[in-house]
Amino acid sequence: MNEILLRPQFNKLKMTEKLTLMQSLADCYNMTFQSLYVFTRWGQSCTTGIFEKAGREFVFVPGDTVTLGWNQFAVGLEQNCLEELKHLLEEYSYEGSPEHFLRQYTLPVRVAELPPMLVGRNLEEIGWEPVSFWDSRLQEEHREWLEAFWRHEHSGIQKYNIVGCAKFERFGTRWQAYLQHKVTYPQLKETLKEQGFSLPTADEWSYLCGGGCRTLFPWGECIDASMHLRHYEVQGDPRPYDLEEPNFFGLYIAYDPYKQEVVESDSLTTCGGDGGCGVCGGLGPMLGYLPCSPHYRPDIQKDNVINSDFKFYRPVITIQ
């Protein structure tokens with residue numbers, strides 16, 4: 001591997017050298033180089049390139065050798081998180097320590113060599129086709145879906161979902177209709193391969209999410225009481241959600257426990273969420289967002305049919 005593409009060496013380059021390197025990558029992978037940008041978050045920083053390809057935004061993420069996984073607190077728990085965990089453990093009559101409890105859900109500590117990548121900044125939906133309200137499938141074949149939506153259109157909702165069939169989303173004053181199509185895991189991987197992309201592996205996802213952090217989350221060991229989180233927000237709080245800002249690599253990643261990212265494996269596997277099970281189950285913010293930890297165990301599915309309501313993907317290009 002070219003050492004200049006590894007994080008320790010890449011970070012030492014001058015801005016002019018980084019600019020030349022980014023332009024070179026754009027030419028090599030038929031992308032449009034947009035700009036250099038400094039992303040800083042949670043004590044980590046990366047000056048990297050932003051690219052565009054086929055309407056998608058990508059960033060360059062340098063390779064590195066990092067320690068992944070979690071087995072103990074690196075800096076200890078804040079009081080509010082400790083009390084939240086202890087209360088939950090008492091409810092379940094769990095006699096072990098908080099660390100022992102959390103180790104059941106995290107991957108063991110290991111060292112991994114991660115390649116340099118060009119990574120899609122945003123999650124992308126799977127199996128949803130945007131259609132006109134005049135599409136014959138809505139007007140004729142499945143008009144009952146359209147009629148069900150019309151009954152709720154003026155109720156103040158922003159989204160109406162007919163599970164496994166269709167959905168309607170509001171964008172300002174405009175509604176967009178989508179039809180759902182079944183997609184299997186092998187089909188998704190084959191489609192990406194034909195486009196020149198792939199999925200990140202679970203280890204690569206962990207690196208993209210945490211950057212090699214040794215704490216449970218990229219920002220620390222627990223959910224800070226001041227954080228503004230989706231699903232746990234105070235009504236009327238106008239602040240943007242803390243986790244829905246780009247991270248230190250410029251990626252929008254692991255910001256919602258309802259959203260599971262499909263990763264590369266032998267069978268359908270996801271990282272970065274549990275489909276909202278913890279949130280719906282009434283768990284507090286720390287455990288509700290635990291699946292968003294870079295160290296959380298990937299979820300291996302029983303079949304290869306992708307649930308488009310909760311599963312998303314992120315295209316990557318591994319730099320050779």
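**A walk through the predicted model**

Five strands form an open sheet in the order β7-β15-β12-β13-β14, and their pairing is mixed. The sheet's two edges are β7 (124–125) and β14 (299–300). Each of these has a single partner strand, so one of its sides is left without a neighbour in the sheet. The model is a predicted one.

Inside this sheet, take strand β12 (residues 260–263) and strand β13 (residues 269–271). They pair in the antiparallel sense, over three bridges. Val-262 stands opposite Thr-270 in β13. Strands of a sheet pair through backbone hydrogen bonds, either parallel or antiparallel.

Next, helix α2 (residues 15–28). It has 14 residues, and at 1.5 Å a residue these should span 20 Å. The end C-alpha atoms of α2 are 20 Å apart, which agrees. Which residues of α2 are buried? They are Lys-18, Leu-21, Met-22, Leu-25 and Ala-26. These cover an arc of only 140° around the axis, so they sit on the same side of α2. On the other side of α2, Thr-16, Thr-20 and Asp-27 are exposed. The buried residues of α2 pack against α1 (7–10), β1 (32–41), β2 (44–53) and β3. Just after α2, Asn-30 takes a positive phi of about 55°.

Now the nonpolar interior. In soluble globular proteins, nonpolar side chains tend to be buried together. The largest nonpolar core here has 47 residues, and Leu-102 and Met-286 touch the most other members. What does Leu-102 touch, not counting residues up to four places away in sequence? The contacts are Trp-70, Phe-73, Leu-85, Leu-216, Met-286, Leu-287 and Leu-290.

Charged pairs come next. The count of salt bridges is 14. One of them joins the side chains of Glu-57 and Arg-121, at 3.0 Å from N to O. Glu-57 lies in strand β3 (residues 56–61), while Arg-121 lies in the loop between β6 (117–120) and β7. The pair therefore ties together parts that are 64 residues apart in sequence. Are the two partners buried or exposed? Glu-57 counts as partly exposed, at 30% relative accessibility. Arg-121 is buried, because its relative accessible area is 6% and buried means under 20%.

A second salt bridge links Asp-203 and Arg-110, with the closest N and O atoms 2.7 Å apart. Asp-203 belongs to helix α8 (residues 202–210) and Arg-110 to strand β5 (residues 110–114), so this pair ties together parts that are 93 residues apart in sequence. Both ends are partly exposed: Asp-203 has a relative accessible area of 27%, and Arg-110 has 22%.

Arg-137 is partly exposed at 24% relative accessibility. Asp-135 is buried, with a relative accessible area of 17%. Salt bridges that share partners also build a network, made of Glu-125, Lys-159, Lys-167 and Glu-169.

Conventions
Residues numbered from 1 in each chain as written. Predicted model: local features only at pLDDT ≥ 70, side-chain atom pairs only at ≥ 80, totals over all residues. Heavy atoms only, no water. Pairing = 2+ DSSP bridges. Helix = DSSP H or I, 4+ residues; strand = E, 2+ residues; numbered from the N terminus. Salt bridge = Lys/Arg side-chain N within 4 Å of Asp/Glu carboxyl O. Buried < 20%, exposed > 50% of the residue type's maximum accessible area, 1.4 Å probe, protein only. Core = buried A, V, L, I, M, F, W, Y, C linked by side-chain atoms within 4.5 Å. Contact = heavy atoms within 4.5 Å. Expected span 1.5 Å × (residues − 1). Arc of directions from axis to C-beta.
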